[in-house]
Amino acid sequence: MSTLSPIRVLVVGCGNMGASHAKAYQLIDGFEICGIVSTGKSKEVLNEKLGGGYALYSDYATALAETKPDAVCISTYPDTHEAFAIMALESGCHVFIEKPLADTVEGSERVAAAAKKAGKKLVVGYILRHHPSWEKFVELSHELGKPLVMRMNLNQQSHGIMWDVHRNLMKSLSPIVDCGVHYIDVMCQMTRSKPLQVTAIGARLTNDIAENNYNYGQLQIRFEDGSVGWYEAGWGPMMSETAFFIKDVIGPKGCVSIVAKEAGGAGKSDNVDAHTKTESLRFHHADIDANNQFIKQDTWFNLSDEPDHQELCNREQRYFLKAIQEDIDLTDHVQDAVNSLKIAFACDESVRTGQVVHL
């Protein structure tokens with residue numbers, strides 16, 4: 001048992017991620033939920049799932065004033081992230097916030113500055129950074145030489161409740177910004193090089209979203225060391241499931257691929273649990289002999305530590321707790337979140353203008 005008094009957390013937003021983080025707070029010794037906030041019925045549903053008895057609020061400012069939490073967990077739609085995070089930080093709270101940090105680059109910088117000024121911890125929900133297989137994927141990429149070619153996508157043939165979620169997300173962001181920040185972050189970890197320029201294309205394939213947004217996008221990044229990467233994301237009932245889960249990195253010495261036999265199966269593209277599954281990593285070695293025959297067989301890494309979506313959220317929250325209790329310096333963590341968002345918005349600009357954007 002922890003000898004420190006528990007961190008009292010106000011949970012804001014009770015959708016898929018908010019509910020998972022709330023469950024994590026209930027599971028982890030060291031946290032205590034002091035209130036749950038949502039504008040709709042989701043807070044009642046979550047309260048019941050957690051066993052009931054929590055203080056429920058429809059208004060965030062009221063909840064913040066009445067519960068006086070030590071920390072706030074923000075899993076609302078991105079257009080509220082900046083305002084909610086700054087209010088929490090100015091009230092002396094630590095903040096865990098779902099990605100993206102804000103819905104503008106300037107907003108993300110204001111949140112980062114507010115955290116620094118308040119001297120409080122700000123952890124951004126980059127869930128893949130807590131996944132052993134993705135950590136291994138990044139680690140193995142460093143054995144491939146340079147330049148790297150990074151190929152990644154996550155297309156989702158969303159329907160039912162997931163199409164409602166995606167349409168709501170697209171009220172403030174495009175898929176390549178909302179989802180792309182994860183994979184841009186991975187590319188930056190793989191190359192450890194400065195991104196120089198981006199180009200991107202996009203298409204609006206539905207009248208269900210605003211005329212100035214698009215539900216399919218593909219971005220390309222060039223790095224200073226000659227590395228290049230692309231990421232593709234499309235959301236909606238019209239999307240193809242032929243090649244919706246590609247996670248590949250290629251270098252002069254070979255390539256490493258995530259081979260998700262189960263997660264890559266038909267009908268799984270809008271399954272949140274499947275998105276984080278890696279199942280196995282395949283390392284192909286490029287070495288050839290005088291007859292151009294491969295010298296080494298491919299190496300397979302079947303990682304036994306395959307956390308599900310809930311366990312990944314638990315790990316994120318354990319990291320948040322550790323950051324608070326051990327006063328971890330999160331300067332680089334926050335800067336990486338701002339940078340990946342900068343790159344994603346530059347891609348957005350490229351879609352809208354048809355131009356190359358220099359970073």
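Colleague: Where does His-130 lie?

Modeller: In this predicted model, His-130 sits in the loop between β6 (122-125) and α6.

Colleague: Is His-130 buried or exposed?

Modeller: His-130 has a relative accessible area of 14%. The cut-off for buried is under 20%, so His-130 counts as buried.

Colleague: Which residues does His-130 touch, leaving out those up to four places away in sequence?

Modeller: On that basis, His-130 touches Glu-135, Leu-312, Arg-315, Glu-316 and Tyr-319.

Colleague: Turning to another loop residue, where is Ser-158 found?

Modeller: Ser-158 belongs to the loop between β7 and α7 (161-169). Its relative accessible area is 0%, and Ser-158 is therefore buried.

Colleague: Which side chain makes a polar contact with that of Ser-158?

Modeller: The side chain of His-166 does, at 2.9 Å.

Colleague: And what else is in contact with Ser-158, neighbours within four places aside?

Modeller: Besides His-166, the residues in contact with Ser-158 are Trp-163, Trp-235, Gly-236, Pro-237 and Asp-270.

Colleague: Let us move to α3. Which residues of helix α3 are buried?

Modeller: Helix α3 covers residues 60-67, and Tyr-60, Ala-63, Leu-64 and Thr-67 are buried there. These residues lie on the same side of α3, because they cover an arc of only 100° around the axis.

Colleague: Why do residues three or four places apart point the same way in an α-helix?

Modeller: An α-helix has 3.6 residues a turn, so residues at that spacing point the same way.

Colleague: What happens at the start of α3?

Modeller: There, a side-chain oxygen of Asp-59 comes to within 3.4 Å of the backbone nitrogen of Ala-61.

Colleague: And just after α3?

Modeller: Lys-68 follows, with a positive phi of about 45°. Lys-68 is a residue other than glycine, and it is located in the loop between α3 and β4.

Colleague: Is Lys-68 buried or exposed?

Modeller: Lys-68 is exposed, at a relative accessible area of 61%.

Colleague: Which value does phi take at Asp-327?

Modeller: Phi of Asp-327 is near 50°, again a positive value in a residue other than glycine. Asp-327 is in the loop between α11 (309-325) and α12 (331-353). With 58% relative accessibility, Asp-327 counts as exposed.

Colleague: On to the prolines. Is the peptide bond from Lys-99 to Pro-100 cis or trans?

Modeller: That bond is cis, and its omega is near -10°. Pro-100 is part of the loop between β5 (94-98) and α5 (105-118).

Colleague: What kind of peptide bond joins Lys-146 and Pro-147?

Modeller: The bond between Lys-146 and Pro-147 is cis, with omega about 0°. Pro-147 is placed in the loop between α6 (132-141) and β7 (149-153).

Colleague: Now the annotation. Which residues does UniProt list for "domain: Gfo/Idh/MocA-like oxidoreductase N-terminal"?

Modeller: The UniProt record, an unreviewed entry, lists residues 7-126. Over residues 7-126 the chain is 43% helix and 23% strand, and the end C-alpha atoms lie 21 Å apart.

Colleague: And where does UniProt place "domain: GFO/IDH/MocA-like oxidoreductase"?

Modeller: That feature, also from an unreviewed entry, is placed by UniProt at residues 141-236. Over residues 141-236 the chain is 27% helix and 30% strand, with the end C-alpha atoms 32 Å apart.

Colleague: How many helices and strands are there in the protein chain?

Modeller: The protein chain has twelve helices and 15 strands.

Colleague: What are the spans of the C-alpha trace along its principal axes?

Modeller: They are about 75 × 50 × 40 Å.

Colleague: How does the radius of gyration of the protein chain relate to that of a compact globule?

Modeller: The two agree: the protein chain has 21 Å, and a compact globule with 359 residues would have a value near 21 Å.

Colleague: What share of the 359 residues counts as buried?

Modeller: The buried share is 53%. As for the surface, the protein chain exposes about 15800 Å², and carbon and sulfur atoms supply 50% of it.

Colleague: Finally, what share of contacts between residues at least 6 apart in sequence joins residues at least 24 apart?

Modeller: In the protein chain, that share is 70%.

Technical notes. Residues are numbered from 1 along each chain as its sequence is written. This is a predicted model: local features need pLDDT of at least 70, side-chain atom pairs count only at pLDDT 80 or more; totals for chains, interfaces and linings use all residues. Side-chain values use heavy atoms; hydrogens and water are left out. Buried means under 20% relative accessible area, exposed over 50%, partly exposed in between (1.4 Å probe, protein chains only). Helices (H or I, at least four residues) and strands (E, at least two) are DSSP runs, numbered from the N terminus. The arc is that of the directions from the helix axis to the C-beta atoms. A polar contact is a pair of N or O atoms within 3.5 Å; within protein, one must be able to donate a hydrogen and the other to accept it, and residues adjacent in sequence count only if both atoms are side-chain atoms. The radius of gyration is taken over C-alpha atoms; the globule rule is 2.2 Å times the number of residues to the power 0.38. Contact means heavy atoms within 4.5 Å. Accessible areas come from the Shrake-Rupley method with a 1.4 Å probe; for residues, only the protein chains shown count as cover. UniProt positions are given in the numbering used here, feature names are shortened, and annotations may be inferred rather than shown by experiment.
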